[in-house]
Each structure stands twice: as C-alpha cells, then as structure tokens.
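Subject: Structure handover

Hello,

Here is the structure I promised to pass on. Please open it first, then read the notes below it.

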Amino acid sequence: MSDSGIDPAELDADGLAVRREVLGSDYVDAALGRVDDTTADFQKLITRYAWNEIWTRPGLERRMRSAVTLTALVAHGHWEEFELHVRAARRNGLTCDEIVEIILQTAIYCGVPAANSAFRIAQRVLAEPAPE
C-alpha cells in the first residue's frame with residue numbers, strides 16, 4: 001500500500017456506505033485519503049465493525065445511536081469526534097434542541113466541565129447550515 005490513502009474497495013462495502021451516510025462523503029473521503037500503512041488496518045476494522053456490524057443493527061434507529069454516541073464522546077472527552085458526531089446527529093435527524101437536551105443530560109451524568117466543553121463545540125457546529 002502507498003502512503004496516499006486506501007482504496008475503498010479494500011473496505012467493507014456495506015460499512016462504507018453507512019459511514020458515508022452518517023458522516024458525509026466529504027469527511028470519509030478525506031479520512032481515507034490520510035490512511036497510510038500505520039492506519040490501514042484500523043480503517044478496515046472500524047468500517048467493518050463500527051459502521052457495518054453496529055450502526056446497521058436493527059435494535060436502535062440512527063437517531064438513538066447518535067444520541068448514545070454523543071453521550072459516550074462527552075463522557076470520555078473525545079472532542080474532535082464529538083464535533084464530527086454533532087454533525088452526524090443532525091444528518092441522522094436529531095434537532096438542535098434535542099442535541100442541547102442530550103448535552104444537558106451529560107452535565108449530570110458526565111460532569112459539568114465536560115458538558116461545558118460540549119456546549120462550546122455544539123454552539124459552533126449548530127450555527128452551521130444543517131448537513132445534507
């Protein structure tokens with residue numbers, strides 16, 4: 001493999017389709033373009049297991065999966081991923097008001113400082129036009 005990305009044909013096709021639907025093709029293409037020998041196996045892993053095996057399960061709709069994901073990202077302080085998933089949550093149909101409510105809920109269960117950081121990021125992201 002070269003250090004200039006990964007061939008999407010090397011990835012789980014169903015997982016890649018869901019990943020594009022949730023995160024947007026522009027983001028996914030950019031992420032895949034940064035893949036090198038160090039990260040290729042990780043990209044294959046998350047595309048197959050996170051995006052195909054988990055995000056396609058019938059037990060929860062994508063809106064609920066987004067709500068759970070936002071909460072987990074706040075709980076662990078994964079702010080770059082949180083920003084990405086605020087956009088994804090909007091793409092999955094969560095309203096701005098619902099995202100605010102999720103963050104308020106995290107203030108109690110994940111801590112006020114974490115919710116404060118989440119609100120700072122969400123305020124910026126929610127001011128953007130809704131993703132298509």
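The axes of α6 and α7 come within 8 Å of each other and cross at roughly 165 degrees. Angles over 145 degrees count as roughly antiparallel, so α6 is roughly antiparallel to α7. The crossing of α6 past α7 is right-handed. Bear in mind throughout that this is a predicted model.

Which residues meet where these two helices pack? From α6 they are Cys96, Ile99, Val100, Ile103, Leu104, Thr106 and Ala107. From α7 they are Val112, Ala115, Ala118, Phe119, Ala122 and Leu126.

Next, the nonpolar cores. The largest one has 19 residues. Within that core, Leu70, Phe82, Val86, Ile99 and Ile103 touch the most other members. Helices α4, α5, α6 and α7 each give two or more residues to this core. The largest share, 7 residues, comes from α7.

Phe82 deserves a look on screen. Leaving out residues up to four places away in sequence, Phe82 touches Leu70, Leu73, Val74, Ile103, Ala118, Ile121 and Ala122. There is also a second, separate core of 14 residues. Its members include Leu16, Leu23, Leu32 and Leu84.

Now α5, which runs over residues 79–91. Does its length agree with its residue count, or disagree? At 1.5 Å a residue, its 13 residues should span 18 Å. The C-alpha atoms at its ends are 18 Å apart, so the two agree.

Buried residues in α5 are Phe82, Leu84, His85, Val86, Ala88, Ala89 and Arg90. What covers them? The cover includes α1 (13–23), α2 (25–33) and α3 (40–54). It also includes α4 (62–76), α6 (96–109) and α7 (112–126). Just after α5, Gly93 takes a positive phi of about 100 degrees.

Is Thr69 buried or exposed? Its relative accessibility is 18%. The cut-off for buried is under 20%, so Thr69 counts as buried. Thr69 touches Trp55 and His85, again leaving out residues up to four places away in sequence. His85 is itself one of the buried residues of α5.

To find your way around, begin with the α6 and α7 pair. Then go to Phe82 and its contacts.

Best wishes

Note on methods. Residues numbered from 1 in each chain as written. Predicted model: local features only at pLDDT ≥ 70, side-chain atom pairs only at ≥ 80, totals over all residues. Heavy atoms only, no water. Helix = DSSP H or I, 4+ residues; strand = E, 2+ residues; numbered from the N terminus. Expected span 1.5 Å × (residues − 1). Buried < 20%, exposed > 50% of the residue type's maximum accessible area, 1.4 Å probe, protein only. Contact = heavy atoms within 4.5 Å. Core = buried A, V, L, I, M, F, W, Y, C linked by side-chain atoms within 4.5 Å. Axes fitted to C-alpha atoms, helices over the stretch in contact; angles between N-to-C directions. Parallel < 35°, antiparallel > 145°, perpendicular 65-115°, else oblique. Left-handed = near helix turned anticlockwise from the far one by under 90°.
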